[in-house]
Amino acid sequence: MAESSAPISVALVDDQPLFRAGIRMLVESQSDMLLAWEAEDGVQAVALAADQPPDVVLMDLRMPVMDGVTATRNIWDAAARDGAEKPKIIALTTFNRDQAVVEAVQAGASGYLLKSAEPEFLLAAIRTVHSGYSVIAPGSVHDLFQHAARTVPVAGPDLSVLDPLSVRERDVFLLAAKGLSNSAMAESLFVSEATVKTHLRSVLTKLGVGTRLQLVSFAYEHRLLG
């Protein structure tokens, strides 16, 4: 399939001018990207995202006026309300085990990166998220969500949340929550990848989650992975 010739429009939200300057130069050095706009807090970001929707937003989580989690949630809510396409959002954090990362994923972020990430990794993450996939900082995403789940006061597995799913959809849910790819799930369930994709879309819709990362978070939040 031929790639689109249109550059990826990237928005940057961070309260540190020096950090923004570095990312700006990095993005503008790429022939397949352009910098749509910059914002120094979440309030500016929400307004700009509504007026000039970008393809990908790099969203700092710790900012004055409005933090990145709240801004992510507001951007997604506004897009849903207006029937517009939701931008892909990459949360930027200083710490690998940051509770705000979990909250950002639950709010709609397609992944997260450490602010200390190598430039090549950041650029690859932008392209990956733009293509419809999730990205995470090096390390185990399961460790992150396990750590966060320990703060949730649930006595045991809450299986009732899976009641809307069919038996096969439950199989797909559990395999996706464990991090298996579509091809691996198809092989495990002896079905085609197209069938897996259909079941996965249905699972996300029925559970009210927008991304595969949200699905993983949902599984840990309800103690469904042990």
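1. Let's start with Asp60, which sits in strand E3 (residues 56-60). Helices and strands here are DSSP runs, with at least four residues of type H or I for a helix and at least two of type E for a strand, numbered from the N terminus. Asp60 counts as buried at 3% relative accessibility. The cut-offs are under 20% relative accessible area for buried, over 50% for exposed and partly exposed in between, with a 1.4 Å probe and protein chains only. Beyond its neighbours within four places in sequence, Asp60 is in contact with Val13, Asp14, Asp15, Gly68, Leu92 and Lys115. Contact means heavy atoms within 4.5 Å.

2. A word on the source before going on. This is a predicted model, in which local features need pLDDT of at least 70 and side-chain atom pairs count only at pLDDT 80 or more, while totals for chains, interfaces and linings use all residues. Residues are numbered from 1 along each chain as its sequence is written, and side-chain values use heavy atoms, with hydrogens and water left out.

3. Now for the chain as a whole. It has ten helices and five strands. Of its 226 residues, 46% count as buried. Among contacts in the chain with a separation of 6 or more, 65% are between residues 24 or more positions apart.

4. You will find Lys115 in the loop between strand E5 (111-114) and helix H5 (119-130). Is Lys115 buried or exposed? With a relative accessible area of 19%, Lys115 is buried. Setting aside neighbours within four places in sequence, the contacts of Lys115 are Asp14, Gln16, Phe19, Asp60, Leu92, Thr93 and Thr94. Leu92 is 23 residues from Lys115 in sequence, yet their C-alpha atoms are 5.7 Å apart in space.

5. The side chains of Lys115 and Asp14 make a polar contact at 2.8 Å. A polar contact is a pair of N or O atoms within 3.5 Å; within protein, one must be able to donate a hydrogen and the other to accept it, and residues adjacent in sequence count only if both atoms are side-chain atoms.

6. Salt bridges deserve a point of their own. Side chains of opposite charge can pair when their charged atoms come close. A salt bridge is a side-chain nitrogen of Lys or Arg within 4 Å of a carboxyl oxygen of Asp or Glu. How many salt bridges does the structure hold? There are eight.

7. One of them pairs Arg24 with Glu38, with the closest N and O atoms 2.5 Å apart. Arg24 lies in helix H1 (residues 17-28) and Glu38 in strand E2 (residues 33-39), so this pair ties together parts that are 14 residues apart in sequence. Arg24 is partly exposed, with a relative accessible area of 29%, and Glu38 is also partly exposed, at 25%.

8. Another salt bridge joins Arg170 and Asp163, whose closest N and O atoms are 3.5 Å apart. Arg170 is partly exposed at 29%, whereas Asp163 is exposed at 55%.

9. Glu169 forms a salt bridge with Lys206, the closest N and O atoms being 2.9 Å apart. Since Glu169 lies in helix H7 (residues 167-177) and Lys206 in helix H9, the pair ties together parts that are 37 residues apart in sequence. Glu169 is buried, with a relative accessible area of 7%, while Lys206 is partly exposed at 41%. Salt bridges with shared partners also join Asp14, Asp60 and Lys115 into one network.

10. Finally, have a look at helices H8 (residues 182-189) and H9 (residues 193-207), whose axes come within 8 Å and cross at roughly 105 degrees. H8 is therefore roughly perpendicular to H9. Axes are lines fitted to C-alpha atoms, for helices over the stretch in contact, and angles run from 0 to 180 degrees between N-to-C directions; those of 65 to 115 degrees count as roughly perpendicular. Asn182, Ser183, Met185 and Ala186 of H8 make the contact with Glu193, Val196, Lys197 and Leu200 of H9.

11. Glu193 and Asn182 are eleven residues apart in sequence and 6.0 Å apart in space, C-alpha to C-alpha.

Methods
Angles under 35 degrees count as roughly parallel, over 145 as roughly antiparallel, 65 to 115 as roughly perpendicular and the rest as oblique.
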